[in-house]
Amino acid sequence: MLETQGNIARKDVIAEALEHCVFPLAPIDDVHRDGPKVYLRGDGVRIMDVDGREYLDMMSSHTRANSLGYGNTEIAGAVAKQLEQLHYVGTVTNFAPPTIELAGKLADLAPEGLSKVLFVTGGSEAVEAAIKMAKQYHAHTGKPRASKIISRWNAYHGATMGALGATDWLDTRHISEPGVPGYSLIPGPSRYRNPFGMEEAAYFAFCADYLERQIQHEGPDNVAAFIAEPIMQAHGVQTASVEYFGRVREICDRYGVLLIIDEVITGFGRTGAWFASEHYGIQPDIMTMAKALTAGYMPMGAVIARPELIDALPVFRHVHTFSGHAGAAAAANTVIAIKEREGLIGKARENGEYLLDTLHEFLDPHPIVGQVRGKGMWLAVDFTADKQTREPFGDDTVRAVVRRMYDHGVIASPIGTAFELAPPLISTRADLDETVRIATLAINEVARERRLI
Ligand SMILES: Cc1ncc(COP(=O)(O)O)c(C=O)c1O
């Protein structure tokens, strides 16, 4: 076992990581320059690395999953108790009570009409299962050729091959091709910049119209589903509009195309609602979730669907070994209970507004800040080399700002032209103030060093 106290041990652990670990998505030159990040312990919103340095983790463990912070003994205790009593009972028709309890709870929390739950172990699996549900539903209900899935430019729906077909972000798709056939991608709403330089509302309407065109182009009988994140992560928190999703629902209904809403990032309070669908009045046919479902204490994902979709299937031909794991279900039940008891969804909304206002106040006037935006506790600061043209930086300025924030003890994440903040829902206003102070400091330092101001 690696002993990780003191300097010599630190060298060992970093060297071991460099020798034996794969670093997904990280450019290997960056890994060698900055080293792997090894953390020893966390407490609330703070995490301590192997050198004893403490960071304010405003990314909820990088993936935005860790919505309740580190060291929550109530969740850890519930998981341990369940593992001792009955850790795992298999899959298919085998269940432990916490898994059934969780299914009922998800049906209560999800948008109206969704009530049948399938458990998986993460977001990509949830998307895979959702796509198969849509295809198998059509196979049994009069559109047997409906296999195509329409997704959007810059979407992220996961890394497994079926989910990857619907994905257009992080350069993960082309390098793994040939992929699963049957996907087509259309433009989706993006804020601040869009590929056609259109005014925002007109562009959103164009994106919805495009969906109709694409369904017609593919042939409505061939299209199984349209999949969309309610708020896209690409280039930072791309909020859409009620009108856009209203039109999308209308178009899907007109052509018998199912609407899959991917709430893997946005679910369980991240945006100040249990699900971001609530903000836009979206009524999905199928919805995916993972990440903050367990606040990262155990791996778990889920798909929830309209009952008539599932009832149409004599058999849902799909299974995973660890579906509905009892320990993960215990974590999720406890996470949801804590969020309800502490009123954390409302707090996410209020504190998110506070953070957004504060970021606006300090950063809007900055010459290299293009736009500050966000929904609840999910926010982005988009940068520009030219406020008139909205030209993005062609170099590593955004990454440099995030690295500088890290040096000053605050964890944010670069995401394309922007940096992103996804603070745990338990963050206090003092934590958020500290974040804005460090962000402002880091932007000023980097801008000055690069002679941008
Ligand atoms: C919207 C969305 N869907 C799916 C996924 C894939 O989830 P996972 O990484 O748990 O497989 C992600 C991951 O970031 C996501 O953001």
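In helix α9, the buried residues are Tyr-244, Phe-245, Val-248, Ile-251 and Cys-252 (buried means 20 or more other C-beta atoms within 10 Å of the residue's own, exposed 12 or fewer, and partly exposed in between, with C-beta atoms placed from the backbone). They cover an arc of only 120° around the axis, so they sit on the same side of α9 (the arc is that of the directions from the helix axis to the C-beta atoms). Please keep in mind that this is a predicted model, in which local features need pLDDT of at least 70, side-chain atom pairs count only at pLDDT 80 or more, and totals for chains, interfaces and linings use all residues. Residues are numbered from 1 along each chain as its sequence is written.

**Helix α9 and its surroundings**
- Val-242 and Arg-254 are exposed on the other side of α9.
- The buried residues of α9 pack against α8, β7 (223–228), β10 (258–262) and α10 (277–280); helices (H or I, at least four residues) and strands (E, at least two) are DSSP runs, numbered from the N terminus.
- The 14 residues of α9 should span 20 Å at 1.5 Å a residue, and its end C-alpha atoms are 20 Å apart, which agrees; the expected span is 1.5 Å times one less than the number of residues.
- Gly-256 follows α9 and has a positive phi, near 60°.

**Where α8 meets α9**
- The axes of α8 (residues 200–218) and α9 (residues 242–255) come within 9 Å and cross at roughly 10°; axes are lines fitted to C-alpha atoms, for helices over the stretch in contact, and angles run from 0 to 180 degrees between N-to-C directions.
- That makes α8 roughly parallel to α9, a label for angles under 35 degrees.
- Among the residues making the contact are Phe-204 and Leu-211 of α8 and Tyr-244 and Ile-251 of α9; two residues are in contact if their C-beta atoms, placed from the backbone, lie within 7 Å.

**Helix α13**
- Buried residues of α13 are Leu-344, Ile-345, Ala-348, Asn-351, Gly-352, Leu-355 and Leu-359.
- They cover an arc of only 120° around the axis, which puts them on the same side of α13.
- Asp-357 and Glu-361 are exposed on the other side of α13.
- The cover over the buried residues of α13 includes α12 (326–341), β13 (369–375), β14 (378–383) and α15 (429–449).

**Ala-385**
- Ala-385 lies in the loop between β14 and α14 (397–407).
- Ala-385 is partly exposed, with 16 other C-beta atoms within 10 Å.

Conventions. Angles under 35 degrees count as roughly parallel, over 145 as roughly antiparallel, 65 to 115 as roughly perpendicular and the rest as oblique.
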